[in-house]
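Let's go through a structure together, one feature at a time. Have it open as you read.

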Amino acid sequence: MKHAKTRNVSWKTLAGLALGTGLASMLFVGCQDRDVDRTEILAKTVPIAPVEKAYFAPVAVLGAADGKTLYVAGANGRVVELDPASGQVVHSLTVPAEVTGMAAGAGQLFVTSVVPAGTVSVIDIKTWQVRSTMAAGAGACAPVVDDKAGRLYVANEFTNDIVVLDTHSGKELGRVDVVREPASAALSPDGATLVVGNLVPAGPANADHVAATVSLIDARQAKTVAQIALPNGSSSVRGVAVSPDGHWAWVTHVLSRYTVPTTQLERGWMNTNALSIIDLPAKKLLNTVLLDDVDRGAANPWGVAVSADGSCVVVTHGGSQEISIIAVKPLLEKLNQAKAPDEVPNQLSFLLDMRRRVHVNGNGPRAVAIVGPKAYVAEYFTDSLTSVILAEGGKPSTIPLGPEPQWTVRRRGEVYFHDASLCFQGWQSCITCHPNSRVDGLNWDLLNDGIGNPKNTKSMVLAHQTMPVGWMGVRETAEKAVRAGIKYIQFAVRPEQDAAAIDEYLKSLTPAASPFLVEGRLSDAARRGQKIFHDESVGCAHCHTGALFTDQLSHDVGTIGSYDKPEDRFITPMLIEAWRTAPYLHDGSAGTLRDLVTTSNKQDRHGRTSQLSPQQIDDLVAFVRSL
Amino acid sequence: MRSPGLHRRHLWMVVLLALVCGGSGRAVADVPTTAPAALSWSQTLRDGWRQCQDKKDAAAVAGAAQELSIRLETADPVAWDWMLQDGGLDFYRQWLTHTDTALERGLIAHAAEELGPAGAALVHAAEQLVQAGVALDDPRWLDVYAQACTQRRRARLQALAAAWPALVFTRHFNMGGSHYAYTEGQSDAQAERHFIPGTALCLLEFNGTESHVRSLLEDPTGVIRDPDVSYDGRRVLFAWKKSERQDDYHLYEMDLATRGVRQLTFGLGMADYEGAYLPSGDIVLSSTRCVQSVDCWWTEVSNLYTCDKDGRFLRRLGFDQVHTNYPAVLEDGRVTYTRWEYNDRGQIFPQGLFQMNPDGTGQTALYGNNTFFPTTIAHTRGIPGTHKLIAVASGHHTRQAGKLIVIDPSKGRQENTGVQLVAPVRETPNVRQDAYGQQGDLFAYPYALNEKQYVVTYHPLGWTSRHGQEVDPRFKLYYMDADGRREVLAADARTSCNQGVPAMARTAAHVHPIAVDYRQDTGTFYVQDIYAGPGLAGVPRGTIKKLRVVTMEFRAAAIGNNSNGGVAGGAMSSTPPSTGNGAWDPKVILGTTPVRDDGSAFFTVPARTPVYFQALDEKGYVVQTMRSWSTLQPGENASCVGCHEDKNSVPPPYHRAQALNGPPAELEPFYGPRRGFSFAREIQPILDRHCIACHDQIMPEPRTHAMAGMPANKSFSLLATPVLDHQAKRCWSASYLALTNSSEREERACRGQSTDLVNWISPQSAPPMLPPYTAGAARSGIMKLLEGGHGGARLSRQEMETFAAWIDLLVPFCGDYPEANAWTPEEVARYEHFVEKRRVLSAIDQSNIAAMLAATPAPVIQVEVQMPSGRKLAPQAGPNGGEFTFDQRWEPGSRIVLHGPSYMIIRLADGLPESLLYTPTGQVVFPVPSGKEGKVYPPGAFAADRPRIWVRPAAVEELLFRRNVALNPYDVRGPAVGFPHATASSECRDEPVFAARNAIDGMVENRHHGSWPAESWGPEQVQNAWWQVDFGRPVLVDTLTLYLRADFPHDHTWHAAVLEFSDGTTENVVLQNIAGPQTFTFKPRQVTTLRLGKLLQNEPLGWCALSEAEVFGQDVPATFWHPMTGTGGKDVGLVPAALETVTNGAPRR
């Protein structure tokens, strides 16, 4: 795997230039060489996501078996060893920033970073030195160690695969394709089964069943043995844990009610928050239970951990600043006795009397580790670690991981984007439908363009640089859309400064480099595809023009579907990060870029693509997914 | 008002504690040997015991115990309650007869239980008293007990006092009448009225755990209720009714820092109460502005309304059949309230809990809408930090107190599934009882600090607190915990202490965005899958073809009645639109909408209209009916999963509904325009066409169970022959009574019985959900007969569906309330009076909405006093006026200048009345009267050291209701400075005390002449004198009352006069020489002036005079109900500019 280089031109500047004047925009029209240059320049530098070094932003917490040592890794690259009793940092070092995960093996920690290009830093716990750095893949995250087998599994979120590494040599032992954006993983205690959560659904959004999947992998053979579809509407799969007996995998995710119009939030009408239980020996989903209460959402379930005795499962709720402590035995009994198992995922009181919701002290509880009688919860935004005694009672206590973070406006916006306490009854935050500030792969029937006409979720990246906003362009600007979102989706009234902060955050988002670039440049196929893209007889660039590949105008390209009105027109979407924003078209009916230009373009109205050879189609797709 | 604070007791208690408990293991010698004199309750108790020693008769002892209890309850309610807690409800009788110290030791042991080591020390102290052989009536026993109680009280109140250092509460009579609601005591009530004056708004403040109570506002002749504290803790909203007949409850707000009070809502004949601050700053309230009468009684109905912080833009949120009460804002911003409803079911049990968003959207059941238990859920509030609610479970034919419950909707929504009785926590059985919760102790108005600790209104003995007789107990404000541990916080000997609310800043609830678009007049409903949920359990998919959308009309007044009965009980039905056991209300079919194969439906309904749904099969017969209703706000999009789905479930994400594949469906009309379903207009023509050829027999007399009594081979009459029902005051038809199997009984109203032939759901059906196809057309033999072409009758599809609809609507006869009435002209007039009142208030509602849409600014009021020296005083009041205070005396020649809207309510000095003043220019210059001019005012009225003036804009409600439109104590001689204004042909010697203005100043004293209060209009001794009042704008008048001066023998009397109206018409009147009022009624006229002309007296001419003239009527802002014709309202700034909106959104009801 070759690693993408990063970009060094401010997208904000460039896009602003492109949008600011028609002239600037025209510079790129029909000017292939300029485009090539631009793509290549852009592909070379800058971190793919802005990491503000000032923030620790803990993403992983691990506890040593002795219960006397904690390891915490922050997105900013800091990895520390903590004494939980005193809260003191015992050891500390820095690895490449944009840390995504950490795993502990015998005497060493494996820390994944997406920068520079998907690496694993191996830290020797005794010397507290980085012993080596291994190459993983684009979007490396969710490391899992099998000490006995000497294997490290790393999920490559951007290339949709799992890489198997030798823990000693760092040598790649194998690769397993998963479904889409693997972002969480856990290994059965016997090392036989790797359970991988695919963040968002793959495939067309107008299918009967649109849901993220959990991949079960035979770890030793490095091959997939089952793809378990979560209930219809499942997305944002963020946490996986396996019970000590290896029987159950616990998976946290959002369960979206995307088939109904978003008239209300009451009773989980839009998004519910779920825990799925997978029977590993049977390789099937046992059932899915809701973590919400009847009138209080438990937004954005994130991390999950199982106690050493398997009696209790702890789920962090990144949106509602709390954790759920769930008693396993009564839950499994109730599931077994459920008269209508199909109805269980729709019952808001299912966990009544077997789950305790505990508010943590900080903001952004994500990673969690259970050490002895306590759960340690890493709070991403407040740079803190809160411990909760699992048994009834006792107040959570908090260990700061550094000085209290002074949030910039941008950071505050990021917090609001994630914080469901803005929302009526805490059901959801912006991130719920925009995981990683991008897409959940679902079609939503928002009321901004009428009712009964669902549209596919759009990415927030560069949203402030393209207008009007939304598939129908119903909001003039992203600023207006942000405020409309607070009002009509969060059902909240918030101060203007909150919306302005969210604007700042969204404007700061930078596109990730495509994993399909080769050393930061277009591959040969993509280069061929680029020519086809700009070929007048094909006509892609006619509308997908300018720096962001959009004329920002509405068109009928023959994609009007049964839910649309005949007069409906759709704004040309920009193509930056098209490699990670599937599905495509306003109704998400094209599951892949290939479908987009083939099965979804039978009338040849969305560019003239029917005359292209399979090779040319491949090349065209290669170009678009390199953007 | 007595504060139960423990100041005095506390002082010596500190000393005592230092002695007894301060040093460990101190011996009995440290127990004080004498009781402090301050411990009066102890003395009272011991005196009572001594005096009772000679009483042998049990009844006498019981009587003495009762008296002792009452005396202590009044004198020291805290201690009185301690002894009930520690000694039991029978304590006082036991006390008077006890013969050893077991009782004292029991008290001490019980009180010490909660105190840990300190309690053990006190028990030890008591043991030492035993060992010392201390006598039974020795004060030391109760001293030790008092110490225990005091320590316990301190411990109990600690958390409360720390969290809520101040509470506001009200003192008022015990609310409730014949039912749990009905406390508006409306000034123009049709029947039941509850108003016992004597009230205060009070503040309880803690200092440590000591408390002190003071009155913020007292009114011996009024009632203050429903305090709510603003989220910033600075203001208290409350309702205040100052007089039984001359005022109604309206919202007021007090600034806690300044104690300044401002009135937010106005009007006579409508009650605005139970106001609650919304997190947006607006207010939600209950109001009787809907002008409805309860279906099963004679009493006014209140619904929920909202207005802004100043009382502006007041508009209706609920469009509900009977009462909705007790709105309270939950932390998540929802408003919860009690809704009493009984569409197509019995009235006793469905007083469940509802919720809405603050803008009125999202109205839906929250708890217990399909249950017998709890009978009524009242006084609900959220428990902070939880999704649970605290409330009072009470009954139907009861008042507003009952048992304390905690509701957890996540555990269930019906019966006792989510209800827990607390204080103490105990088993919560499902009880089916009308007067639930009325035995034993009583709770009301809880406010939870957390799940375990509350402030509550309470009485330990309940309604039977004296001699076993039902009395009106003096409820007290208590601290209470979930286990029933309690302490009295405030008590009063005369009235109950109610409605404790923390007077402090708290986190504002979630602010819900306003989703209502008042420019629209519809909303949409989306049903995901009608087959989901138990409502259509067992019904095969595909059965339901259509949803029928029905609305009900609500009665404006109660005239006539009949009765019904069934499994849910029985009731009278006032102004009945159906025979007994028929529908409660007239029904209007708004239309039908298709249900798709997948069970989905998506359709538009009129907004601000209560609608209910009936699932119809392919024949148009009802499979399931709603027996409740929903109401959408304009522009609201409401969704539901299915038919009565479990409220604790989420919409299943199975598929995208077919109904969403297109815009919302417009309702398909039901064979013609929307109309009330009238038997005479809908069914009789069908009978006439198909049935009466055979069914033409006159009913046998007496007609008893018409059909059941008929021989099988006889055809009963289906003719439209009228049948008068004296009690129901309706003219039914023979056919209607026959089909409804109605019996006519001596002196009693007709009452129908559902049969196999015509089978409908009883209006007394039980609250729980009925299975599909319980009754209705599908269960009615007559439909099968008709399907089979009975007697050759071939009904069209329309006729069949109409017939089925009549049965499924519960056999209504009247399409509206006046139809087929047998009312007297007076009753007709009475009904029309309330219909008109409803129309006016609905027009005001529309006008308020239009003002809100137009963002009409609030009128600005300025007051300036110009001194003769040229100095100007211009104090500030609120933006909408209010009290203007001046820091110096006025001088002769000073002028008061008012700037404001054309209609202002003014009061220019202490001791003078409030009056409505009209001025077309919005400016009034009032010369401060002095010298001779001052003689027509109370002495010193304009000579205060710190003069005060009150000015505010008049509210529309104050103009549109009947009053003396001639009143103006601030009229001045000469050219009008404002209206009404009086002039005359002559004024005796040009003296102010005989000026024309004196006849409209509100003073009717006529036994003297000269200075105030005997000022009058006194002309010279002439014939044909005239006196005239000029209203300055058109007013609608119909009555004149004159008080002629009767200072006989000085005075002479006119014997005739002519009323000359500005419209050119006249009326001749004959005058009498009496001192009392002389009232003349005439055909209503719209006039600008009224002249009392051609005043004739007998020769020789003498001194005739007019002390007061009252002209009754109302303003005519034609813009309200004739938006296209008048502009007066617009000109005076009372009606918003956006008149087109008013037109478009004309009152729907």
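**Reading a buried residue and a sheet**

Q: Which side chain makes a polar contact of 2.9 Å with the side chain of D585(B)?

A: A polar contact is a pair of N or O atoms within 3.5 Å; within protein, one must be able to donate a hydrogen and the other to accept it, and residues adjacent in sequence count only if both atoms are side-chain atoms. Here, the side chain of Q321(B) makes that 2.9 Å contact with D585(B). The side chain of R555(B) also joins D585(B), at 3.0 Å. Keep in mind that this is a predicted model, where local features need pLDDT of at least 70, side-chain atom pairs count only at pLDDT 80 or more, and totals for chains, interfaces and linings use all residues. Side-chain values use heavy atoms, leaving out hydrogens and water, while residues are numbered from 1 along each chain as its sequence is written, and chains are lettered from A and ligands numbered from 1 in the order in which they are written.

Q: Is D585(B) buried or exposed?

A: Buried means under 20% relative accessible area, exposed over 50%, and partly exposed in between (1.4 Å probe, protein chains only). D585(B) has 0% relative accessibility, so it counts as buried.

Q: Where is the place of D585(B)?

A: Strands (E, at least two residues) are DSSP runs, numbered from the N terminus. D585(B) sits in the loop between strand 28 (569–574) and strand 29 (587–594) of chain B.

Q: In chain A, what is the order of the four strands in the open sheet?

A: Two strands pair if DSSP finds at least two bridges between them. The order in chain A is 25-26-27-28, with antiparallel pairing. Strand 25 (365–371) and strand 28 (397–400) of chain A are the edges, each pairing on one side only.
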